[in-house]
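Biologist: Shall we go through this one together? I'd like to ask a few things while we both look at it.

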Amino acid sequence: MSTNPPTLSRPSENIGLSVALDGAGWHPAAWREPAARPADLFSTAYWADLAAEAERGLLDFVTIEDSLGLQSDHFGGPPDSRTDQVRGRLDAALIAAALGPVTSSIGLVPTVTTTHTEPFHVSKSLATLDFVSHGRAGWRVQVSSKAHEAEHFGRRQIPAIGRNWESDDASRRVVRELFDEAADVIEAVRRLWDSWEDDAEIRDIATGRFIDRGKLHYIDFEGPAFSVKGPSITPRPPQGQPVVTALAHAQIPYELAARGADLVFVTPQTVDEVPGIIEQVRSAEASVARTGTPLLINADLLVVLDHTEQAARDRRHRLDDLAGSALQSDAAIIATTPERLAGLLIEWADAGLDGFRLRPAALPTDLVAITRGVVPHLQRAGAFRSGYSTTSLREHLGLPVAVNRYAAIA
């Protein structure tokens, strides 16, 4: 990472910008910050306030974290026994649905796990979110690779997977199977979204015809893990295809994103790593013979922001002391000022990234620093919008209209 603040001189061009919302923030001690609202974590008002702040900052979308197990310090293992950190969460898709009517422009992207969730349920849940948000729904695809999460459902067993799974043949095989299944889920969900043609609903009172049954389609998906007949019970969502996203750090996850996603979150640690990661993503697209629009590539950064660099570092250290250990993350951790972060985003975007998903270390403090600090600096540099000029999430991201596959062949 460069040690000098980059010059804010990017020509007029929008940088994609979103935030990842998770509990009280991404630092384990965030819930103990003076501005935190630990008593409100399980209230819709808390999430509505966060989404409103993100929308005030004109961000593309918010993601909402979720999982099928309690938060834990144990990688891949059973839940830990810690009682000094936030444990428990609300259902991300349901939170997003509650946020639809109380927001107007920002995209809503809940995390939904593919491994134990039926694609039919995923399809109609996200289609419903797209309806209640008037075309602002997305989906962060997540795979469950933990044995204790499988025990919640009792349908199958998942072998233990080590942190270094890429170098272990048995673990790598399990990961491959889980991600292949996830790719099948995405494909089945996408077909279900298309299973109603856009004009399948007639609603003609005079003739008494509500739908044109000829414009509903069986999708007949057959895969190793499941089959789905279709059609959906929910009409095609306003966007046609809500935006599909995935977080990826390695070849197999890159290939999952290339097979089924519109946008991939990556985790470079420095700007020098950006070109190599982009090359890996494009290589994955080639290896799975992706056609159509290339993946949008956004980098994840975990941010601690304050009025000076020293203040940001001091706050991070204070949080670390409260947590009893230094903050760790798969994403680069940036403790800096909003102005310097804005410059860094421009520098990294110039290296080839389409945008960024920022993970606020503490909520609402670091979210407000993004919306009222980073965003104005980006705007002054001509690198970020001054208002929403589009209405759907696909439009915010510059994705093309999603043509219904069945209508196209009719």
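Biologist: Which residues line the second largest cavity?

Modeller: Keep in mind that this is a predicted model. The second largest cavity has a volume of about 30 Å³. By class its lining has five nonpolar, one polar and three charged residues. The residues themselves are Leu21, Asp22, Gly23, Trp47, Ile64, Glu65, Arg89, Leu90 and Ile95.

Biologist: Nice, and what volume does the largest cavity have?

Modeller: A search of the whole structure for cavities of 30 Å³ or more finds two. Among the residues lining the largest cavity are Leu41, Phe42, Gln71 and Val86. Its volume is about 60 Å³.

Biologist: How many charged residues are in the lining of the largest cavity?

Modeller: The lining includes Asp22, Trp47, Gly88 and Arg89. Asp and Arg count as charged, whereas Trp is nonpolar and Gly polar. By class there are five nonpolar and three polar residues, and the charged ones number two.

Biologist: Stepping back to the whole chain, what radius of gyration does it have, and what would a compact globule have?

Modeller: The C-alpha atoms fill a box of roughly 70 × 50 × 45 Å along the principal axes. With 410 residues, a compact globule would come out near 22 Å, which agrees with the chain's value of 21 Å.

Notes
Residues are numbered from 1 along each chain as its sequence is written. This is a predicted model: local features need pLDDT of at least 70, side-chain atom pairs count only at pLDDT 80 or more; totals for chains, interfaces and linings use all residues. Side-chain values use heavy atoms; hydrogens and water are left out. On a 1 Å grid over the protein atoms alone, a cavity is a set of points where a 1.4 Å probe fits but cannot get out, and a pocket is an open set with protein on both sides within 12 Å along at least five of seven lines; lining residues have an atom within 4 Å of a point. Grid points are joined across faces, edges and corners, and a volume is the space filled by probe spheres set on the points. The radius of gyration is taken over C-alpha atoms; the globule rule is 2.2 Å times the number of residues to the power 0.38.
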